[in-house]
Amino acid sequence: MASSSKVNIGLIRAVLTCAVVALLIVGCKHPVKPKVTPQPAKEKAQSPNIEGSFSKAKIIWDDGRGHKLWEAEFASADAAHADGTSKVSLKDVKATLYKNGKAASKLVAPTATADSRTKEVHASGGVSVTGNGATARCDELVWQSANNHIKGTGHVKMARENLKIHANSFTADTSLKNAKFTEAKASLE
Amino acid sequence: MKYVVSIIAVAAAIAAFSIFGSADSFALGKMTLSGKTIEYANQTVTVAGKASFTSISPQGTVKPGTMRLDAMRADSIRVDLVKDKGGKLSPDKAVATGDVFVKAKRADIVAGQGSVLRDVHATAKSATFDSGLATVVLTGSAEIKILEAGAKEPIAVLSGDKVTISLKDNKMRVEGQSEKPAEITYTQSDKEK
């Protein structure tokens, strides 16, 4: 009787050992999911902040539907991308401004800052913009592509054939087809 | 001693008043515009806020028997531009609105004196200059004063609801209304007596 008990115990031990080994080798049918601790919001992944410098390159904006808004060539640029917005400071800029996907005017400036989020360009240092047979020159200029709006300030001069206009400031559409000047004088020669 | 002769045109009668003149060519020449704001759209220039239109033709070059438009001032002035034969923009028509003042020069042919330059000062509610017709039409309480060069007192005053000035032949046409007839006042100077 004692020997059969010993055999039974030995058999049970053997079975249990085999079961443990099998579990270790084969694994569970339903693997246990690792416990995940949710990260606090501030630790979630964000678009990276990028800064860089470029030279003799080109920038092109489009409206997301394949229509160009702005195309600029420059001698050098410093770009910064942060919080989903890109701002670039350009030197010796020659740009084409587009309206409804078509080239509307040309802008030349020593310096310009372009904001890809607002789609605005601020040019300074003596700006000229040419379109629709007219050329406007001013100290500083802001172009809002979304509004099809140009505003120039400081020593404004516009020439359209033999019509010359001097003013303190002016606003116009992107193509310079229509323009309005303040504190202005026009001469027809 | 001077005396005033007043002629009052009756009702809807049209008074034609011409002083010496012979048909001759007319040219506006170059011009400047100034004002609080200037708008350009579709070959039209609109000046607003103390608007001023000035011809910059050489001084003293009024052909005998013609008039020259020197300046217009108003609350606003609109100038329609056209391209001339040389492809240059030139004024086709100018419309002045609100508190209008017009300054012109006329070269009268006076017997025994030749060509005499006189100043023309006109006021009205509105005025239209037409380059093709070489006319200036004043409407709304129009009044024209003709002065000897440099004088303060006019030698003639014309007033009416509408005055049409023909620059190329130095003529003025004054029109009144039944309730407000046209008036022409001529002042004889001492040396004319």
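Reader: How many residue pairs are in polar contact across the interface of chain B and chain A?
Author: Happy to start there: this is a predicted model, so local features need pLDDT of at least 70, side-chain atom pairs count only at pLDDT 80 or more, and totals for chains, interfaces and linings use all residues, while side-chain values use heavy atoms, with hydrogens and water left out. Residues are numbered from 1 along each chain as its sequence is written, and chains are lettered from A and ligands numbered from 1 in the order in which they are written. A polar contact is a pair of N or O atoms within 3.5 Å; within protein, one must be able to donate a hydrogen and the other to accept it, and residues adjacent in sequence count only if both atoms are side-chain atoms. With both residues at pLDDT 80 or more, the rule finds across this interface a count of eight.

Reader: Which strand gives the most to the side of chain B that touches chain A?
Author: Strands are DSSP runs of E with at least two residues, numbered from the N terminus. At least two residues of that side come from each of β3 (31-41), β5 and β6 of chain B. The top contributor, with 11 residues, is β3(B).

Reader: How much area do chain B and chain A bury between them?
Author: Contact (heavy atoms within 4.5 Å) takes 21 residues from chain B and 18 residues from chain A. On the side of chain B, B:Ile38, B:Tyr40 and B:Leu89 lose the most area to chain A, together 37% of what that side buries. Buried area is the accessible area (1.4 Å probe) that two parts lose on being put together, summed over both. Carbon and sulfur atoms carry 56% of the total, which is about 1700 Å².

Reader: Which residue of chain B forms a salt bridge with A:Glu161?
Author: A salt bridge needs a side-chain nitrogen of Lys or Arg within 4 Å of a carboxyl oxygen of Asp or Glu. Between chain B and chain A there are two salt bridges. In the one that involves A:Glu161, the closest N and O atoms are 3.2 Å apart, and the partner is B:Lys83.

Reader: In which strand does A:Glu183, the salt-bridge partner of B:Lys36, lie?
Author: The side chains of B:Lys36 and A:Glu183 meet at 2.9 Å, N to O. The pair joins two chains, because B:Lys36 lies in strand β3 of chain B and A:Glu183 in strand β9 of chain A. So the strand you want is β9(A).

Reader: Is A:Leu176 buried or exposed?
Author: A:Leu176 sits in the loop between β8 and β9 of chain A and has a positive phi of about 65 degrees although it is not a glycine. Most residues other than glycine have a negative phi. Buried means under 20% relative accessible area, exposed over 50%, and partly exposed in between (1.4 Å probe, protein chains only). At 0% relative accessibility, A:Leu176 counts as buried.

Reader: How far apart in sequence are the parts tied together by A:Lys87 and A:Asp115?
Author: A:Lys87 is partly exposed, with a relative accessible area of 47%, whereas A:Asp115 is buried at 10%. Their salt bridge brings the closest N and O atoms to 3.9 Å. A:Lys87 lies in strand β3 (residues 85-99) of chain A and A:Asp115 in strand β4 (residues 102-115) of chain A, so the parts tied together are apart in sequence by 28 residues.

How values were computed. Helix = DSSP H or I, 4+ residues; strand = E, 2+ residues; numbered from the N terminus.
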